[in-house]
Amino acid sequence: KADDGSRGQELWRSDGTEAGTDLVRDIFPGPTASAPVFLTVLGGSVLLGADDSVRGKELWRSDGSEGGTQLVLDIHPGPDGSGPGALAAVRGVVFFSADDGAHGAELWRSDGTEAGTKLLKDIFPGLAGSSPSALAGAGGILYFIADDGIHGAEVWRSDGTDAGTFILKDVFAGRESSFPGLPAAVGGALYFSADDGEHGAEIWRSDGTEGGTSLLLDIAPGPPGSFPESLFPFDGRLFFSSSDGETGPELWTTDGTGGGTALVQDVFPGPQGSRPAPLAAAQGVLYLAADDGVHGREL
C-alpha cells in the first residue's frame with residue numbers, strides 16, 4: 001500500500017521499475033484512504049482487507065489490475081464492515097477473523113470467491129465472538145489463538161472444516177488463559193509461548209495433537225517465565241528472544257528438543273539483555289536488531 005498524496009493509502013503494484021510501479025485501484029475514491037491491510041497471496045491473486053467508503057472494511061481480492069480488484073463478499077452489510085483480521089493461506093484457502101454482526105469476531109475461510117467465503121465455526125456462540133488471532137499454518141493445518149468462553153485464550157487448530165476445528169490443548173487448565181504468543185512453524189512442528197500457571201511464559205512445542213503438545217524447556221524456572229518472543233524459523237531450527245533470569249532477553253535457538261535448546265550468544269552481558277528483534281533471513285544468513293550496551297541498537 002502507498003499514499004501518493006492525493007488518494008490516500010491505496011493498493012499499488014510494482015515490477016521493480018519506476019515505469020512498472022502503478023496504482024492498482026483507488027478503492028476509496030478521493031483523498032481518503034481505503035487502507036489496505038493483511039495482503040495475502042492466494043493462487044494468482046491477493047486477498048486483503050480494505051474500505052471502499054460504503055461497506056466499511058471488508059474482504060477484497062485483486063489480480064493486479066483495476067478491473068480485477070473487487071469485493072469478495074460484504075460479510076457485515078452496512079457501513080460498519082466486518083473488519084477482517086490477519087489472513088493466513090493454508091492449502092489453497094485463506095483463513096481470517098471477521099464479524100458478520102450476528103456471531104461476533106469468528107473464524108472464516110475463503111477461496112477468493114463469494115460462494116466460497118463463509119463462517120467456518122462459531123467458536124464462542126453469541127455476539128462476543130472468540131476473536132481469532134495470530135493465524136499460522138504448519139503441516140497443512142491452521143493454528144490460531146481463540147477464546148471459546150470456557151477455556152480462556154488458547155491455541156486452536158483447524159483443517160478447514162467445522163468438525164476439524166478444535167482447541168489444541170488447554171495449557172492453563174480452566175477459564176484462565178495461557179496467553180499464547182504468535183505461533184511459528186518449523187518442519188511441521190508448531191512452537192509458541194504460553195503460561196500454564198506453573199512455569200510462567202515459556203516455549204512450547206506441538207505436533208498438532210493434544211498429547212504431543214508440551215513445554216519444551218523451562219528456560220527460567222518458576223514464574224513469571226522466560227517470555228519467549230520474536231519466534232523465527234531458520235535453517236531447520238527455531239530462533240527466538242528469551243531470558244533465563246540471568247542474561248536478560250537474548251537470542252536463543254532450538255532444534256525441537258529440550259537438550260537442543262540453548263542461548264546463542266549473550267550479546268549484552270547482564271540482566272538488561274540485547275532484546276533481539278525483529279529477526280529476518282536472507283541468502284542463508286540470519287539477521288537481527290540488537291543492543292550490545294556499547295553501540296546502541298544496530299544490525
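This is a predicted model: local features need pLDDT of at least 70, side-chain atom pairs count only at pLDDT 80 or more; totals for chains, interfaces and linings use all residues.
Ala-289 is located in the loop between strand S25 (285-288) and strand S26 (290-291); strands (E, at least two residues) and helices (H or I, at least four residues) are DSSP runs numbered from the N terminus. With a relative accessibility of 17%, Ala-289 counts as buried, where buried means under 20% relative accessible area, exposed over 50%, and partly exposed in between (1.4 Å probe, protein chains only). The C-alpha atoms of Ala-289 and Asp-15 are 29 Å apart in space, and the two residues are 274 residues apart in sequence.

The protein chain contains 0 helices and 27 strands. Its radius of gyration is 21 Å, close to the 19 Å given by the globule rule for 299 residues, so the chain is as compact as a globular protein of that length; the radius is taken over C-alpha atoms, and the rule is 2.2 Å times the number of residues to the power 0.38. Along the principal axes, the C-alpha atoms fill a box of roughly 55 × 45 × 30 Å. Of the 299 residues, 46% count as buried. Among contacts with a separation of 6 or more, 39% are accounted for by residues 24 or more positions apart.

Strand S13 (residues 141-147) is largely enclosed by the rest of the structure, because 7 of its 7 residues are buried. Ile-141, Tyr-143, Ile-145 and Asp-147 point one way from S13, whereas Leu-142, Phe-144 and Ala-146 point the other way. Strands of a sheet pair through backbone hydrogen bonds, either parallel or antiparallel. Two strands are taken to pair if DSSP finds at least two bridges between them. Strand S12 (residues 133-138) runs antiparallel to S13 and is joined to it by 4 bridges, with Ser-133 standing opposite Ile-145. The hairpin of S12 and S13 has 2 residues between the strands, and Gly-139 takes a positive phi near 60 degrees. Pairing of S13 with strand S14 (residues 153-158) is likewise antiparallel, over 6 bridges, and Ser-158 in S14 is the bridge partner of Leu-142. In the hairpin formed by S13 and S14, 5 residues lie between the strands, and Gly-149 in the turn has a positive phi of about 85 degrees.

The largest nonpolar core comprises 12 residues: Ala-88, Val-90, Val-93, Phe-95, Leu-107, Leu-120, Ile-123, Leu-135, Leu-142, Phe-144, Ala-146 and Trp-156. Such a core is a set of buried Ala, Val, Leu, Ile, Met, Phe, Trp, Tyr and Cys residues joined through side-chain atoms within 4.5 Å. Strand S8 (88-90), strand S9 (93-99) and S13 each supply at least two residues of this core, and the largest share, 3 residues, comes from S13. Leaving aside neighbours within four places in sequence, the contacts of Leu-120 include Phe-95, Leu-107, Trp-108 and Thr-165.

Thr-165 belongs to strand S15 (residues 165-167) and is buried, with a relative accessible area of 2%. The side chain of Thr-165 reaches the backbone oxygen of Thr-161 at 2.6 Å. Not counting residues up to four places away in sequence, Thr-165 touches Leu-107, Leu-120, Lys-121, Phe-144, Trp-156, Arg-157 and Ser-158.

Elsewhere, 4 strands form an open antiparallel sheet in the order S20-S21-S22-S23. Strand S20 (229-234) and strand S23 (261-265) stand at the edges with a single partner strand each, so one side of each is left without a neighbour in the sheet. S20 and strand S21 (residues 237-242) run antiparallel and are joined by 4 bridges, and Phe-234 stands opposite Arg-237 in S21.

The loop between S23 and strand S24 (279-282) contains Ser-274, which counts as buried at 1% relative accessibility. The side chain of Ser-274 makes a polar contact with the side chain of Glu-250 (2.6 Å); a polar contact is a pair of N or O atoms within 3.5 Å, of which, within protein, one must be able to donate a hydrogen and the other to accept it, and residues adjacent in sequence count only if both atoms are side-chain atoms.

Methods:
Residues are numbered from 1 along each chain as its sequence is written. Side-chain values use heavy atoms; hydrogens and water are left out. Contact means heavy atoms within 4.5 Å.
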